[in-house]
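Visitor: Put the structure up, please, and I'll ask as I go.
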Amino acid sequence: MLIAALTVPALQLLAGAFLPAQAAEAALSSSDNTLLLISAAMVLLMTPGLAFFYGGFVKGRNVLNTMAMSFVMMGIATLVWASFGFSLAFADGGVAQAVVGNPFTFALLERLPEVWDGLAVPGLTFALFQGMFAIITPALISGALVERISFRFWCLFTPIWLLLVYSPLAHMVWGGGFLGKDLDFAGGTVVHISSGVSALVLAGLIGARRQWPKAIRPPHDVTQILLGTGLLWFGWFGFNGGSQLAVGGAEIPFTTTHVAAAAGLVAWSLVETWRDGKPTAVGLATGAVAGLVGVTPAAGFVTIGSAMAIGAITAVLCAASVQLKVKLRFDDSLDTYAVHGVGGTAGALLTGVFANAELISSHPAGQVLAEQGRGALVLGQLQAVLVAYGLAAIGTLLIAGVLRGLGVQFRVSETAENLGVDVAEHGEEAYAERVGSPQLF
């Protein structure tokens, strides 16, 4: 009765009053926003998962320090990202747009758009989601340096690395930079290659653990490794699946992620069975992680069968890389480069090989494939890989060189390394009641 009583002009005036609200509702998607917020929480969980994964490998007297190097990133990286990192990665860089954004545009996450350009989510949601990647990426580096690096050096190196290496690389690939035409769905180059190469460089600079490999011991807690793997696998659904940045089509990266992990797990186990006669639980875990690393740049760009192939191929290559590291007697302690560097490289190149034309049709790489063919697409992927290698290696060398030049202790003392880094660096023990246990020490 009320509506019937309204005149046409009154109805038009009433409709006009609601147009701004309707426009905002049309621009934002509650389901997309929910996906990214949940995915952000899942990706954050990967960092404690990584801490358990790495912590299980080391000696019991070093487990707290190893885990702390991951956990501390939830503090340091968050503050760096919120302060200037996100702006460096995703703001318009003006004349420097090809390589980096303006650090002040979104400083302290201010002046973010209500709706992020090209998406249907608030700018703050997008910034939060991307920030979780900035947390785990430097944490990955620590695996090559455990049981000997100074915690103080680590806490000074990583924030600078985030600003000078990670954020510019993220901008080049995802923020409108010159690598935007190449395929990296969730961080094959930005996350895994950058961390893997930086780990390789730092491991070379710091040198091997004392008495390594003569005093090498098996992991002190394999159950911890398996727990960490489970958390990583779960969180990777948010890592890759959330990188769809919308609910529509997210079923593809969610599924390819799972299938690739499964293929990596099986492939690594088969390699161990062929080589040693039986698979190990550590091999199961490492193979799954290798498969996840390999599919990261491809997750939303390939079919399920291709994801299976990528996971298996990456796991085999990573397993071979681990064996090569042992033969070369290079102490990449927890195989950070062997899994993340090699796996990220393999995944990036295989993304070019297996990318589905229909799935990349809306990406600039789709035009490259259509007009120049598969070879040009793979060459573009190789270009992105080389840029990531160069930036990570040079940036890491410069940052480490400056910090060491300023007198920052790079490596713990021989006494601390022999007695345990936990007590020397943190004044704590993980297993105080089991001091002297040969299994742990």
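Visitor: Which element gives the most to the lining of the second largest pocket?
Guide: H6 does, with 3 residues. Helices here are DSSP runs of H or I with at least four residues, strands are E runs of at least two, and both are numbered from the N terminus. This is a predicted model, where local features need pLDDT of at least 70 and side-chain atom pairs count only at 80 or more, while totals for chains, interfaces and linings use all residues. Residues are numbered from 1 along each chain as its sequence is written, and side-chain values use heavy atoms, with hydrogens and water left out.

Visitor: How much space is in that second largest pocket, and what lies nearest its centre?
Guide: Its volume is about 800 Å³. The lining has 30 residues, and Trp 174, Ser 243, Leu 245, Phe 301 and His 363 lie nearest the centre. Two or more lining residues come from each of helix H6 (123-141), helix H7 (151-174) and H10.

Visitor: What counts as a pocket or a cavity?
Guide: On a 1 Å grid over the protein atoms alone, a pocket is an open set of points with protein on both sides within 12 Å along at least five of seven lines; in a cavity a 1.4 Å probe fits but cannot get out, and lining residues have an atom within 4 Å of a point. Points are joined across faces, edges and corners, and volume is the space filled by probe spheres set on them.

Visitor: And the largest pocket, what volume?
Guide: About 1100 Å³. It is lined by 44 residues, with Phe 57, Ile 216, Arg 217, Pro 219 and Ser 333 closest to its centre. The lining splits into 21 nonpolar, 11 polar and 12 charged residues. Nonpolar covers Ala, Val, Leu, Ile, Met, Phe, Trp, Tyr, Cys and Pro; Asp, Glu, Lys and Arg are charged; the others, Gly among them, are polar.

Visitor: How many cavities of 30 Å³ or more are there?
Guide: The structure holds 1. The largest cavity has a volume of about 70 Å³. Of its 13 lining residues, Ile 136, Leu 140, Leu 232, Trp 236 and His 340 lie nearest the centre. H3 gives the most to that lining, with 4 residues. The classes are 11 nonpolar, 2 polar and no charged.

Visitor: Back to H6. Is Ala 139 buried or exposed?
Guide: Ala 139, in H6, is buried because its relative accessible area is 0%; buried means under 20%, exposed over 50%, partly exposed in between, using a 1.4 Å probe on protein chains only.

Visitor: What is Ala 139 in contact with?
Guide: Beyond neighbours within four places in sequence, Leu 50, Tyr 54, Ser 70, Met 73 and Trp 154, where contact means heavy atoms within 4.5 Å.

Visitor: Which residues touch the most others in the largest nonpolar core?
Guide: Phe 86, Leu 145, Tyr 166 and Phe 239, out of 116 residues. H7 gives the most to this core, with 12 residues. Such a core is a set of buried Ala, Val, Leu, Ile, Met, Phe, Trp, Tyr and Cys residues joined through side-chain atoms within 4.5 Å.

Visitor: What about confidence, what does the pLDDT average?
Guide: The chain averages 92, and 92% of the residues score at least 70, on the predictor's per-residue confidence scale from 0 to 100. Residues 1-19 are below 50, with 2 contacts beyond near neighbours in sequence. Residues 435-441 are also below 50, with 17 such contacts. Where pLDDT is low, the predicted coordinates should not be read in detail.
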